[in-house]
Amino acid sequence: MAIWKPSWLEALDTQKFFVGCSLHENTRKNEKNICCLDCCTSICPHCVAAHRSHRLVQVRRYVYHDVVRLEDLEKLIDCSSVQSYTINSSKVVFIKKRPQSRQFKGAGNICTSCDRSLQEPYLHCSLGCKVDYVLRQKKDLSQYLRTCESLQLSPDFLLPQEAFGVDEDTNDTTHSTVVEGDDLLLSSDSENLSMPPSSEIAFKKRSAIYFCVRTAKADPAMNMSRRKGVPHRSPLC
């Protein structure tokens, strides 16, 4: 029986992620951190529009290695016995094998493919290690694969505005720039300063983030130096 694994699984293992996208090399935020499982290729956020109806998974980085959310992978393949890790409240698993420079000689649980030390009761340190183990033992992955017709990026994945044809330097959002002067409050570590009615608000836009700068009108009366009056003493009895 020939050893077989699906094309999308091969793509996760062989495609390069976190490199610049050649299709959008002159665009910001063009790092390829998404895998299109239907096209079996790595893409950047600007490519998402062309793959909108395809199955997409976000690839993340953890200790310099590629990981994918366990929740996403479990829709595609059985990930039981693969050790998971927690990043930003999400469980992730490593995609590829992580070979070690020296063999683990201590007692305890070790990976079935790369001899990496594991926590109980895990048997594999990555999805790639489990796939290799199953193919060595059973020569077939079919009973571990799951049917998944649709898979979209998680809601917390933010696409850059350029991906939708919006220029950050020319796009003005009214609700982000209009501030009621009477309600504005500037805070510091030591005190809270309320904005005087005569103040003007200036906005600077830098990387789609608005900074508020107070440009209060000069008040001659406030700039005058104040001297304390002559102290009054109580009359002596």
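Among contacts in the protein chain between residues at least 6 apart in sequence, what percentage join residues at least 24 apart? The figure is 49%, where a contact means heavy atoms within 4.5 Å.

## Model and conventions

This is a predicted model, in which local features need pLDDT of at least 70 and side-chain atom pairs count only at pLDDT 80 or more, while totals for chains, interfaces and linings use all residues. Residues are numbered from 1 along each chain as its sequence is written, and side-chain values use heavy atoms, with hydrogens and water left out.

The pLDDT, which is the predictor's confidence in each residue from 0 to 100, averages 75 over the protein chain. A score of at least 70 is reached by 63% of the residues. Over residues 168-218 the pLDDT is below 50. Beyond near neighbours in sequence, that stretch has 57 contacts in the model.

## Overall build

The protein chain contains five helices and ten strands. Both are DSSP runs numbered from the N terminus: helices are H or I with at least four residues, strands are E with at least two.

The chain has 237 residues, and 34% of them count as buried. Buried means under 20% relative accessible area, exposed means over 50%, and partly exposed lies in between (1.4 Å probe, protein chains only). The accessible surface comes to about 16,200 Å², and carbon and sulfur atoms account for 49% of that surface. These areas come from the Shrake-Rupley method with a 1.4 Å probe; for residues, only the protein chains shown count as cover.

## Aromatic pairs

The count of aromatic pairs comes to three. Rings of Phe, Tyr and Trp (its six-membered ring) pair if their centres lie within 6.5 Å; planes under 30 degrees apart count as stacked, over 60 as edge-to-face and the rest as tilted. Tyrosine 62 and tyrosine 85 form a tilted pair, with 5.8 Å centre to centre and 40° between the planes. This pair links distant parts of the chain, since tyrosine 62 belongs to strand E3 (residues 56-62) and tyrosine 85 to strand E5 (residues 85-87), 23 residues apart.

Tyrosine 62 also forms a tilted pair with phenylalanine 94, at 5.9 Å centre to centre and 40° between the planes. Here the link runs from strand E3 to strand E6 (residues 90-94), and the two residues are 32 apart. Within it, tyrosine 62 is partly exposed at 27% relative accessible area, whereas phenylalanine 94 is buried at 1%. The charged end of arginine 98 sits over the ring of phenylalanine 94, 3.7 Å from its centre. A charge is taken to sit over a ring if NZ of Lys or CZ of Arg is within 6 Å of the ring centre and within 35 degrees of the ring normal.

## Cysteines

How many disulfides does a search of the whole structure find? The search finds zero, a disulfide being a pair of cysteine sulfur atoms within 2.5 Å. For cysteine 44, the nearest cysteine sulfur is that of cysteine 47, 3.7 Å away. Cysteine 47 likewise is in no disulfide, and its nearest cysteine sulfur is that of cysteine 44. Cysteine 44 is buried with a relative accessible area of 0%, and cysteine 47 is buried at 7%.

## Loop residues

Asparagine 33 lies in the loop between helix H1 (7-14) and strand E1 (34-36). Asparagine 33 is buried, at 13% relative accessible area. Leaving aside neighbours within four places in sequence, the residues in contact with asparagine 33 include Phe18, Ile43, Pro45 and Phe157. Phenylalanine 18 is placed in the loop between H1 and E1 and counts as partly exposed at 21%. Its phi is near 60°, a positive value in a residue other than glycine. Valine 63, in the loop between E3 and strand E4 (65-69), also has a positive phi, of about 45°, although it is not a glycine.

The loop between E6 and helix H3 (127-138) holds tyrosine 122. Proline 121 lies in the loop between E6 and H3, and a cis peptide bond, with omega about 0°, joins glutamate 120 to proline 121. Tyrosine 122 is partly exposed at 22% relative accessibility. Not counting residues up to four places away in sequence, tyrosine 122 touches Ser81, Val82, Gln83, Ser84 and Asn109. The C-alpha atoms of tyrosine 122 and isoleucine 110 are separated by 8.4 Å, and the two residues are twelve apart along the chain.
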